[in-house]
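Subject: Structure for you to look at

Hello,

Here is the structure I said I would pass on. Please open it first, then read the notes below alongside it.

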Amino acid sequence: MAFAASSSSSLSFPLQKSCRAYPPTGILYGLPFTSRLRSPIRQIIRMSATQAERPGLSFESLPIKPPSHPTYDLAGVIKSALAEDAGDRGDVTCLATIPPDMEVEAHFLAKENGIVAGIALAEMVFYEVDPTLKVEWSQKDGDSIHKGLQFGKVYGNSDSYAGRAHSIVIAERVVLNFMQRMSGVATLTRAMADLASPACILETRKTAPGLRLVDKWAVLIGGGKNHRMGLFDMVMIKDNHISIAGGITNALESVDLYLQQRNLQMEVEVETRTIEEVNQVLDYASRTKTSLTRIMLDNMVVPLSNGDVDVSMLEQAVNLIKRRFETEASGNVTLETVHKIGQTGVDYISSGALTHSVKALDISLKIDTELALQVGRRTKRA
């Protein structure tokens with residue numbers, strides 16, 4: 001099959017040293033010790049906000065860059081995923097069955113239709129396992145793939161050291177775990193985003209623990225936008241804050257005072273659950289200089305017994321706000337309801353389901369692609 005111009009190891013970055021040494025067995029991730037040419041001092045990337053790069057390359061070259069986070073350790077997440085697979089012995093099946101000098105080529109195969117995501121992250125995993133592996137793709141993050149499509153391959157150079165088969169098989173499951181989850185998130189996001197227009201679709205903080213940046217990156221790849229990354233980058237006054245503060249007006253006053261005293265500038269969102277609360281927010285804003293930027297309209301989409309939804313309360317709230325602030329609808333957002341919600345004039349629609357209820361997209365990495373396609377056709381998955 002034909003592939004686009006090679007993006008071979010296009011996310012290979014020089015890394016910073018850490019104190020992690022090879023396991024006592026002399027095996028890391030199940031590779032023969034002699035096939036690991038890098039120093040036994042392991043290395044780590046800390047992707048603080050914007051980039052980690054090798055000479056001439058950075059995240060700026062990616063079609064869809066990961067979101068920014070000041071402390072998230074993406075390389076550490078990759079290393080942990082590989083380490084939990086390798087344990088203290090490495091891949092005993094690879095060591096037992098695959099000759100150390102075996103060279104192979106493996107192909108990525110789509111087993112269902114969707115939006116592919118995680119290509120850039122896959123290259124980072126391959127690089128971590130074996131920095132001389134080459135990866136080529138016919139698609140890029142955010143592209144559509146269809147059942148039966150071979151859309152990428154990974155291989156080694158014949159003029160470099162052996163161990164390619166070991167490297168590819170060891171990286172396979174971690175690569176696919178990331179890609180399948182991210183592609184599932186991206187696929188649902190694309191469907192929601194298309195239906196929600198002209199409103200923008202957002203995810204929430206309901207992400208898998210430890211995968212916050214990965215999940216939110218997949219939302220961007222799918223065509224959505226990111227809500228706040230965490231507790232640090234946006235003030236979001238929710239129901240519990242309001243209850244503890246003694247009311248929505250008290251909560252807003254406290255936030256404005258806090259930001260003023262610390263000379264902080266950041267977005268502020270407040271959750272409202274009733275028309276009365278919306279009016280309280282608007283009354284406060286009419287007589288006070290406030291940092292408020294967005295009003296969340298929570299559970300103002302009311303499910304009906306016939307499966308439809310009543311959006312009249314949401315429309316009433318949007319009309320009251322009159323674009324003085326951004327508006328965000330949340331609650332009862334599904335593929336069946338999101339289009340109707342998007343037609344109310346609301347700016348944003350947030351859905352926790354994008355990341356907390358993700359269905360992985362079925363993707364495989366196969367060395368014998370002909371046999372894989374035969375089996376796929378037999379099981380209606382290719």
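Accessible area here is the area found by the Shrake-Rupley method with a 1.4 Å probe. By that method the protein chain has an accessible surface of about 17,700 Å², and 52% of this belongs to carbon and sulfur atoms. Please keep in mind that the model is predicted.

**Overall**

The protein chain has 382 residues, and 51% of them count as buried. Its secondary structure consists of twelve helices and 16 strands. If you take the contacts between residues at least 6 apart in sequence, 76% of them join residues at least 24 apart.

**The largest nonpolar core**

In soluble globular proteins, nonpolar side chains tend to be buried together. The largest nonpolar core in this model holds 54 residues, and the ones that touch the most other members are F108, L121, F126, F151, F178, M179 and W217. At least two residues of this core come from each of helix 1 (74–86), strand 3 (105–110), helix 3, strand 5 (134–137), strand 7 (150–155), helix 4 (164–196), helix 5 (212–222) and strand 16 (363–366). Helix 4 gives the largest share, twelve residues.

Setting aside neighbours within four places in sequence, W217 is in contact with L62, I64, K65, P66, P67, L74, A120, L121 and M182.

How many residues of helix 3 (residues 119–129) are buried? The count is eleven of eleven.

Two packed helices are described by the angle between their axes and the distance between the axes. For helix 3 and helix 4, the axes come within 9 Å and cross at roughly 155 degrees. Angles over 145 degrees count as roughly antiparallel, so helix 3 is roughly antiparallel to helix 4. The crossing of this pair is right-handed. On the helix 3 side, I119, L121, A122, V125, F126 and V129 take part, and they meet S167, I170, A171, V174, V175, F178, M179 and M182 in helix 4.

Helix 7 (residues 248–261) and helix 8 (residues 275–287) have axes that come within 9 Å and cross at roughly 40 degrees. Helix 7 and helix 8 are therefore oblique to each other, and their crossing is right-handed. I248, T249, L252, E253 and D256 of helix 7 make the contact with E277, Q280, V281, Y284 and R287 of helix 8.

Helix 8 also packs with helix 9 (residues 312–321), at an angle of about 10 degrees and with the axes 10 Å apart. That makes helix 8 roughly parallel to helix 9. Here I275, V278, N279 and L282 of helix 8 meet M313, Q316, A317, L320 and I321 of helix 9.

**L314**

L314 lies in helix 9. Is L314 buried or exposed? Its relative accessible area is 0%, and buried means under 20%, so L314 is buried. Leaving aside neighbours within four places in sequence, L314 is in contact with L297, M300, V301, A329, I341 and T344. L314 and G345 are 31 residues apart in sequence, while their C-alpha atoms are 9.2 Å apart in space.

Regards

Conventions:
Residues are numbered from 1 along each chain as its sequence is written. This is a predicted model: local features need pLDDT of at least 70, side-chain atom pairs count only at pLDDT 80 or more; totals for chains, interfaces and linings use all residues. Side-chain values use heavy atoms; hydrogens and water are left out. Buried means under 20% relative accessible area, exposed over 50%, partly exposed in between (1.4 Å probe, protein chains only). Helices (H or I, at least four residues) and strands (E, at least two) are DSSP runs, numbered from the N terminus. A nonpolar core is a set of buried Ala, Val, Leu, Ile, Met, Phe, Trp, Tyr and Cys residues joined through side-chain atoms within 4.5 Å. Contact means heavy atoms within 4.5 Å. Axes are lines fitted to C-alpha atoms, for helices over the stretch in contact, and angles run from 0 to 180 degrees between N-to-C directions. Angles under 35 degrees count as roughly parallel, over 145 as roughly antiparallel, 65 to 115 as roughly perpendicular and the rest as oblique. A crossing is left-handed if the near helix is turned anticlockwise from the far one by less than a right angle, and right-handed if clockwise.
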